[in-house]
Amino acid sequence: MGIIAWILIGLFAGIIAKMLMPGKDPGGIIITILIGIAGGLLGGWLGKVIFGVDSIDGFFEISTWVAAIVGSLILLGVFRLFRSAKH
């Protein structure tokens with residue numbers, strides 16, 4: 001997939017992750033996109049390592065979106081832990 005597809009998946013995965021984990025988060029849309037993109041990569045890697053599946057098949061594949069959203073949820077939780085530990 002191209003960089004544009006990763007940005008789009010990251011944007012939507014980050015937004016979905018924020019909807020699934022509501023709360024006050026510092027940062028705006030840029031942080032959401034970055035968490036989503038990194039979450040997509042993390043989700044794909046975890047799917048391959050833990051389950052032995054290629055979870056990043058294509059833009060319209062459900063496995064790509066599930067991996068991106070799960071990865072984004074993990075990273076959003078980690079981000080919140082580190083932000084709350086600082087304050």
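What share of the contacts in the chain with a separation of 6 or more comes from residues 24 or more positions apart? I looked it up: they account for 68%. A contact here means heavy atoms within 4.5 Å.

**Ground rules**

I'm working with a predicted model, where local features need pLDDT of at least 70, side-chain atom pairs count only at pLDDT 80 or more, and totals for chains, interfaces and linings use all residues. I number residues from 1 along each chain as its sequence is written, and side-chain values use heavy atoms, with hydrogens and water left out.

**Whole chain**

I found three helices and zero strands, in the order α-α-α along the sequence. Both are DSSP runs numbered from the N terminus: helices are H or I with at least four residues, strands E with at least two.

Next I checked burial. Of the 87 residues, 32% are buried (buried is under 20% relative accessible area, exposed over 50%, partly exposed in between, with a 1.4 Å probe and protein chains only). The chain exposes about 5400 Å², and carbon and sulfur atoms supply 76% of that. Those areas come from the Shrake-Rupley method with a 1.4 Å probe; for residues, only the protein chains shown count as cover.

**Ser 72**

I clicked on Ser 72, which sits in helix H3 (residues 62-86). Ser 72 counts as buried because its relative accessibility is 0%. Leaving out residues up to four places away in sequence, I listed what Ser 72 touches: Ala 13, Gly 14, Ala 17, Ile 35, Gly 36, Gly 39 and Gly 40.

**Gly 39**

**The cavity**

How many cavities of 30 Å³ or more are there? I got one. A cavity is a set of points on a 1 Å grid over the protein atoms alone where a 1.4 Å probe fits but cannot get out; lining residues have an atom within 4 Å of a point. The largest cavity has a volume of about 30 Å³, meaning the space filled by probe spheres set on the points.

I noted its lining as Gly 14, Ala 17, Lys 18, Ile 31, Thr 32, Ile 35 and Leu 76. Helix H1 (3-20) and helix H2 (29-51) each supply at least two residues of that lining.

Note on methods:
1 Å grid on protein atoms, 1.4 Å probe; cavity = no way out; pocket = protein on both sides within 12 Å on 5 of 7 lines; lining within 4 Å.
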